[in-house]
Structure formats: structure tokens, C-alpha cells
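Please examine the sequence and the model shown below.

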Amino acid sequence: MNRIEFIAELTKGYDVVLDIGSDHGLVLKYAFDKGYIKKGMASDINPNPLKAAQKTLTGYPVEFYLSNGFESIDKTFDLAIITGMGPHLISEILINRNNPNETYLLGPNQKVYILREFLMQEGFEIIDEYVVYDGFYYCFLKVKKGRMQLTDAEKYIGPKLKTKKEAIPYYEHMVTHYENLIPQLPTKLRKNNIEILNYFKETLNQLKNA
Ligand SMILES: C[S@@+](CC[C@H](N)C(=O)[O-])C[C@H]1O[C@@H](n2cnc3c(N)ncnc32)[C@H](O)[C@@H]1O
């Protein structure tokens, strides 16, 4: 399944869905076509992507917003999607959200551990995690306001993902990635990266033996 379809699948069970940084608008289109959602909001900070979403979503029950993050969103929603951005931008968009009824689906392009650290510090709880391969491994976090404590290992491997057998290929990929990377690093950076490699190796072994 490709990344966009995978995100759309994760809207199942949510009636009103806001897509922040909707760009092409394809996530909402798939979600409507599959009958998962009833209403949509597509928002983007840039006019051209918003126009693209308007074109993709012509005839669907969608409201469009030119908005920096949540700034101009004046309606309630059940799920907000923030995907295809770096972990710092996702954190900036999410930081002041304080509504316990909202769920957020976050899909950082890279460095998921940075986002997990932010969520722990800023009073968010990871309620589920997913991974899909679409030329690259993409992780997704489903999140609500709440409290959680993550170990250093969990920031890298994911507190929910570490229990999922379907994540085995992702963990295998991460083990290979760190095994290739470490010999190329300056000596002072190796120790930390060997620790991270061991987090992935231990999780992989636990999942394979479960
Ligand atoms: C790489 S695209 C990702 C598109 C889609 N969400 C996905 O996962 O395929 C990032 C989009 O986010 C928009 N964007 C960047 N910063 C934003 C912000 N602060 N608020 C809303 N949209 C933003 C960009 O204009 C762009 O259309």
C-alpha cells in the first residue's frame, strides 16, 4: 500500500478530518472514496498547494483554509493529520493545542525520536504507532493530550511499535542502517550510535522470539 493510502486508512472511525499541509489533497480524497469520513477540512500555508487540493477535492464536502498550522481553523474536528513534514515543523504546529477531544495523526519524514521527545515534554500521549514501506519506511503516531514517560530506547523504537510483529522489516532496516553508519562515524559519535543500534537489535530479537 502506498503512503497516502495508508494515511487515509488511518482516518477510519473519525467523521470530521482536518488535513494540515494538505498539499495535493489526496489523503482526504482517498478517505472519502473509501467511505471512511463524512466531512473534511484541507489547509495549507501556501496558496498553490491549497489550489491543488481544491482541484482534487472538487465536489467533496470539504472546507479550505489558507492557514499557518491551526491558526485559521475555526471549526471542530475529530482527527487532524499532520504528515510529510519534518519533526520540528510538526512540533511547532502542534505545540499550543490543548483540546482533549482531538486526535492527531503525525507522520514525520524523518527522525521520529525528536517528535517522540517533544510529545513527552509537551503533555501528549502516543496512543498508537504504525509503519509503512513506500520506497522508504514511514512511521505514524496517533496522539492525544495526556501524559507518558518514554525510556531513551522507546524514543527510538516507539512505545507501541515495539509490540507489533509487522514492524520487523522496519527494525531490520534500522539495524542495517546503523551497522553501515557506525564505521563511518568519528570515534566520539560512535558510542551513542552503538547504543541506538542495540535498542533496535534488542527490539528485533524480542519481536522475532515473541
Ligand atoms: C511535503 S508536503 C506534505 C503533503 C501531505 N501532507 C503529505 O503527507 O503528503 C508539506 C505541505 O505542508 C505545507 N506546510 C508547510 N508548513 C506549513 C504550516 N506551518 N501550516 C500549514 N501547512 C504547511 C506545505 O505548503 C506543503 O504543501
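How are helix 7 and helix 8 oriented to each other, roughly parallel or roughly antiparallel?

## Basis of the description

This is a predicted model, in which local features need pLDDT of at least 70 and side-chain atom pairs count only at pLDDT 80 or more, while totals for chains, interfaces and linings use all residues. Residues are numbered from 1 along each chain as its sequence is written, and side-chain values use heavy atoms, with hydrogens and water left out.

## Helix 7 and helix 8

The axes of helix 7 (residues 168-181) and helix 8 (residues 187-209) come within 9 Å and cross at roughly 150 degrees; helix 7 and helix 8 are therefore roughly antiparallel to each other. Helices (H or I, at least four residues) and strands (E, at least two) are DSSP runs, numbered from the N terminus. Axes are lines fitted to C-alpha atoms, for helices over the stretch in contact, with angles from 0 to 180 degrees between N-to-C directions; angles under 35 degrees count as roughly parallel, over 145 as roughly antiparallel, 65 to 115 as roughly perpendicular and the rest as oblique.

Helix 7 passes helix 8 in a left-handed crossing, a term for a near helix turned anticlockwise from the far one by less than a right angle, with right-handed for clockwise. The contact (heavy atoms within 4.5 Å) involves residues including Tyr171, Met174, Val175 and Tyr178 of helix 7 and Ile196, Leu197, Phe200 and Leu204 of helix 8. By class, this contact of helix 7 with helix 8 has 12 nonpolar, two polar and four charged residues, where Ala, Val, Leu, Ile, Met, Phe, Trp, Tyr, Cys and Pro count as nonpolar, Asp, Glu, Lys and Arg as charged, and the others, Gly among them, as polar.

## The loop residue isoleucine 182

Isoleucine 182 is placed in the loop between helix 7 and helix 8, and with 9% relative accessibility it counts as buried (under 20% relative accessible area, with exposed over 50% and partly exposed in between, for a 1.4 Å probe and protein chains only). Leaving aside residues up to four places away in sequence, isoleucine 182 touches Arg190, Asn193, Ile194 and Leu197.

Pro87, Ile90, Ser91, Ile93 and Leu94 are buried in helix 4 (residues 87-94). These residues cover an arc of only 160 degrees around the axis, which puts them on the same side of helix 4; the arc is that of the directions from the helix axis to the C-beta atoms. His88 and Glu92 are exposed on the other side of helix 4. Among the elements that cover the buried residues of helix 4 are strand 1 (16-20), strand 4 (79-85) and helix 5 (112-121).

The axes of helix 4 and helix 5 come within 8 Å and cross at roughly 25 degrees, so helix 4 and helix 5 are roughly parallel to each other, and their crossing is right-handed. Pro87, His88, Ile90, Ser91 and Leu94 in helix 4 meet Ile114, Leu115, Phe118 and Leu119 in helix 5, a contact with seven nonpolar, two polar and no charged residues.

## Two residues with positive phi

Aspartate 23, in the loop between strand 1 and helix 2 (26-33), has a positive phi of about 50 degrees although it is not a glycine. Lysine 111, in the loop between strand 5 and helix 5, likewise has a positive phi, of about 45 degrees, without being a glycine.
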